Amino acid sequence: MIDRHILSVTVRDRPGVLVRIAGLFARRGFNIESLSVAQSFQPGISRTTFVVSGEDATIEQVEKQLQKLIDVIKVVDHTKSKYVDRELMLIKVQVDTAEDRVEIRQIAQDFRARIVDVAREALVFEVTGDEGKLTAFIDQMQVFGIVELIRTGRIALPRSAADPKPGAKQARAA
């Protein structure tokens with residue numbers, strides 16, 4: 001059965017690392033559906049998140065091959081456990097009338113979208129959430145007219161354990 005997998009790959013910040021990882025996926029015939037790369041909180045270390053579709057056994061092989069790459073520190077397949085994932089989208093929506101502007105703003109408020117640019121003929125929103133939320137927002141805005149849209153790649157972290165280890169520091173409520 002072919003499933004979507006979210007793989008986080010922690011790597012050393014060195015030239016060519018991303019090319020070697022992407023090449024590994026290409027040689028196996030995988031299309032990278034989503035890609036996000038950024039420095040981690042540790043200097044010299046980056047985290048790359050890939051979304052790919054494939055059979056579990058094949059993805060497991062790719063994980064093992066990734067681990068063999070010199071600059072790869074850790075590989076995690078988030079689809080094997082509970083995780084939190086997010087994506088960022090900027091979307092420019094056409095505004096034809098004052099009534100449309102009010103309705104678009106109300107829908108955006110329902111989605112907790114943030115207005116980041118205002119013009120007479122369009123509004124630009126920043127929307128953060130899981131893939132389903134972003135897709136639903138796009139569906140709602142299509143009736144008004146989407147002028148432009150761009151999405152980042154997905155990022156993911158494992159969910160926190162319900163019972164922290166004894167002696168572990170706990171986050172304070174804000």
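This tour moves through a predicted model, one selection at a time. Residues are numbered from 1 along each chain as its sequence is written, and side-chain values use heavy atoms, with hydrogens and water left out. Because the model is predicted, local features need pLDDT of at least 70 and side-chain atom pairs count only at pLDDT 80 or more, while totals for chains, interfaces and linings use all residues.

**The helix pair**

Select H3 (98-110) together with helix H4 (residues 131-141); helices (H or I, at least four residues) and strands (E, at least two) are DSSP runs, numbered from the N terminus. The two helices pack at an angle of about 170°, with their axes 11 Å apart, where axes are lines fitted to C-alpha atoms, for helices over the stretch in contact, and angles run from 0 to 180 degrees between N-to-C directions. H3 is therefore roughly antiparallel to H4, a label for angles over 145 degrees. Show the side chains of Ile104, Ile107 and Ala108 on H3 and of Phe137, Gln140 and Met141 on H4, which make the contact (heavy atoms within 4.5 Å). The residues of this contact divide into five nonpolar, one polar and no charged, with Ala, Val, Leu, Ile, Met, Phe, Trp, Tyr, Cys and Pro counted as nonpolar, Asp, Glu, Lys and Arg as charged, and the others, Gly among them, as polar.

Next select Arg112, in the loop between helix H3 and strand E6 (114-118). Arg112 has a positive phi of about 60° although it is not a glycine, and it counts as exposed because its relative accessibility is 74%; buried means under 20% relative accessible area, exposed over 50%, and partly exposed in between (1.4 Å probe, protein chains only).

From there go to Lys133, which lies in helix H4 and counts as partly exposed at 24% relative accessibility. Not counting residues up to four places away in sequence, Lys133 touches Phe111, Arg112, Val127 and Thr128. Lys133 and Phe111 are 22 residues apart in sequence and 7.7 Å apart in space, C-alpha to C-alpha.

**From H4 into E8**

Select Gly145, found in the loop between H4 and E8 and buried, with 18% relative accessibility. Leaving aside neighbours within four places in sequence, Gly145 is in contact with Lys92, Val93 and Gln94. Ile146, in strand E8 (residues 146-151), is partly exposed, with a relative accessible area of 29%. With neighbours within four places in sequence again left out, Ile146 is in contact with Ile91, Lys92, Ile138 and Met141. A C-alpha to C-alpha line from Ile146 to Ile91 spans 7.3 Å, for residues 55 apart in sequence.

**The largest pocket**

Finally, turn to the largest pocket, with a volume of about 230 Å³. On a 1 Å grid over the protein atoms alone, a pocket is an open set of points where a 1.4 Å probe fits, with protein on both sides within 12 Å along at least five of seven lines, and lining residues have an atom within 4 Å of a point. Grid points are joined across faces, edges and corners, and a volume is the space filled by probe spheres set on the points. Of the 13 lining residues, Arg47, Thr49, Ile155, Ala156 and Leu157 are the closest to the centre of the largest pocket. Strand E2 (32-39), strand E3 (45-55), strand E5 (83-94) and strand E9 (155-158) each supply at least two residues of the lining, and E2 gives the most, with four residues. The lining divides into six nonpolar, four polar and three charged residues.

Key
Angles under 35 degrees count as roughly parallel, over 145 as roughly antiparallel, 65 to 115 as roughly perpendicular and the rest as oblique.
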